[in-house]
Amino acid sequence: MSQMSEYINDKKARQNVVVLVAAQAILGSQVAMIFVIGGLIGQQLSPIACLATLPISFIVFGSMTTAPWLSALMQKFGRRIGFSVGAIGGLFGAAIAAYALVQNNFWIFVFGNYLTGIYMSSQGFFRFAAVDTASEGYRPKAISYVMAGGLLSAIFGPQLVSVLMIGNPDTSVLRFFPAYVSIIVLNLLGLLLFLFLDIPTPTSSKIDTSPKRSHLSLLSDPHIFVAIICATISYALMNLVMTSTPLAIVACGFAVTDASNVVTAHVLAMFAPSFFTGHLIARFGAEKIVGIGLFILAGAGIVALRGIEIEFFFISLILLGIGWNFGFIGSTALLTSAHSAEEKGRVQGMNDLIVFGGVTIGSLASGGLMNCSGTNPIEGWTAVNLAMVPLLIFAAGSLIWLTMKPKSAPT
């Protein structure tokens, strides 16, 4: 196929990518905002310090438990319906979280965050939707471009928190109330945006004509297994460290605005490489890019252990973002090439169930390690970063095992 004919065939895919990039930018801002303030709110509302990050953990838990049925919903009724359900979940989650602040109730706040997880789950499928109407050659780039939409959310989300916090002398949790009102507005805008998405609903003939591999059989495929392992560990470690970062920064004597700036730099680093990650995957292969991502994640931990000066927080979180980008996007590209079109819904749902299950564990561990290990915040921050070591070794070992396996015919 010529380059020009491929471009024409990808016209619809490119239009959908524009919508998904905008959705990533607008709707994705809420996730960045909540990761800045969620742990701080949890710390003020929680009856036990070790549960400070439980609200953020419930966002991820909500995403994990939503992924299988949301994937099945999109397989049956289409991406537009699924993404709209996600935005509605984010809207109600923010409304309930805002109510919890007024009531000063930790458990209502946790429940609101669980509903926000419905949105987070739907956002995870943006990258898969990008390839639904794309040619094989355009798929890695489509995934990469959609992930790059997070750049705007990285700037807008945390900085909106800073703007809303500036000049506010209130020290109660109510100072975060305007942030949740703005999140409600973002989800309303997202509902309008999805009206422009043009991805055909899968037909029953496409879904049912081929024999189905069981979930165990799918996981026994080396490419699917390693893709899920590396995606899970890349995302879980990123979440483990990022969730604790605002707590560590404030505990070390810096301001909430400093935490917002560090998170902004981190989320920028998560998505800025997406402009060329797809090109690197197309040129060098997904396995090599995932390996580089794991190496950079290790570098983030090494820098974090050097000290608690603000510059170390910045450098570590920037490396953490870049490592996540290479590891997660590379794993996604590896996964999308390892299953048939008929298996798409089941594989993607299983993938996100496992990925966000790992991220939930990482998020829960984050608060415990930060607040309940050692006798001070420095020891807690050290424990968070040392926890990366065994998981990085396991992911790297799995990737090396895959690359050393003889090439076999597709199943």
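Start with valine 384: leaving out residues up to four places away in sequence, it touches Leu240, Val241, Ser244, Ser366, Leu369 and Met370. This valine belongs to helix 19, and its relative accessible area is 0%, so it counts as buried. Keep in mind that you're looking at a predicted model. Below is a quick tour, from the overall build down to a handful of residues and ring pairs.

- Mean pLDDT for the chain is 85, with 90% of the residues at 70 or more.
- Residues 1–8 are another matter: pLDDT stays under 50 there. For that stretch the model has five contacts beyond four places in sequence.

**The overall build**

- Laid along its principal axes, the C-alpha trace spans about 60 × 45 × 40 Å.
- Of the 411 residues, 56% count as buried.
- Take the contacts with a separation of 6 or more: 85% of them are between residues 24 or more positions apart.

- The structure has 16 aromatic pairs.
- Why is the pair of tyrosine 235 and tryptophan 324 edge-to-face? Their ring centres are 5.6 Å apart and the planes sit at 75°, so the pair gets that label; the cut-off for edge-to-face is over 60 degrees.
- This pair ties together distant parts of the chain, with tyrosine 235 in helix 13 (residues 222–251) and tryptophan 324 in helix 17 (residues 310–336), 89 residues apart.
- Both tyrosine 235 and tryptophan 324 are buried.
- These two rings also belong to one aromatic cluster, made up of Tyr235, Phe271, Trp324 and Phe328.

**Aromatic pairs: Phe313 and Trp381**

- Phenylalanine 313 and tryptophan 381 make a tilted pair, 5.3 Å from centre to centre and with 45° between the planes.
- Here too, distant parts of the chain are linked: phenylalanine 313 is in helix 17 and tryptophan 381 in helix 19 (residues 377–386), 68 residues apart.
- Phenylalanine 313 has 1% relative accessibility, so it counts as buried. Tryptophan 381, at 2%, counts as buried as well.

**Threonine 245, in touch with that pair**

- Threonine 245 sits in helix 13.
- Setting aside residues up to four places away in sequence, threonine 245 touches Val262, Phe313, Leu317 and Trp381. So both rings of the tilted pair, phenylalanine 313 and tryptophan 381, are on its contact list.
- Buried or exposed? Threonine 245 counts as buried because its relative accessibility is 0%.

- You'll find methionine 270 in helix 14 (residues 256–271).
- Which residues is methionine 270 in contact with, once neighbours within four places in sequence are left aside? They are Met238, Gly321, Ile322, Trp324 and Asn325.
- One of those contacts, Trp324, is part of the aromatic cluster.
- With 6% relative accessibility, methionine 270 counts as buried, since the cut-off for buried is under 20%.
- Methionine 270 and leucine 305 are 35 residues apart in sequence, and their C-alpha atoms are 21 Å apart in space.

**Back to valine 384**

- Between valine 384 and threonine 264 there are 120 residues of separation in sequence and 20 Å in space, C-alpha to C-alpha.
- The touching partners of valine 384 include Leu240, Val241 and Ser244, which fall within the residue range 222–251 of helix 13.

**Two local details**

- Arginine 14 lies over the face of tyrosine 138, at 4.4 Å from the ring centre.
- Asparagine 104 is in the loop between helix 5 (79–103) and helix 6 (106–124).
- Its phi is near 55°, a positive value in a residue other than glycine.
- Asparagine 104 counts as exposed because its relative accessibility is 51%, and the cut-off for exposed is over 50%.

Key: Residues are numbered from 1 along each chain as its sequence is written. This is a predicted model: local features need pLDDT of at least 70, side-chain atom pairs count only at pLDDT 80 or more; totals for chains, interfaces and linings use all residues. Side-chain values use heavy atoms; hydrogens and water are left out. Rings of Phe, Tyr and Trp (its six-membered ring) pair if their centres lie within 6.5 Å; planes under 30 degrees apart count as stacked, over 60 as edge-to-face and the rest as tilted. Helices (H or I, at least four residues) and strands (E, at least two) are DSSP runs, numbered from the N terminus. Buried means under 20% relative accessible area, exposed over 50%, partly exposed in between (1.4 Å probe, protein chains only). A charge sits over a ring if NZ of Lys or CZ of Arg is within 6 Å of the ring centre and within 35 degrees of the ring normal. pLDDT is the predictor's confidence in each residue, from 0 to 100. Contact means heavy atoms within 4.5 Å.
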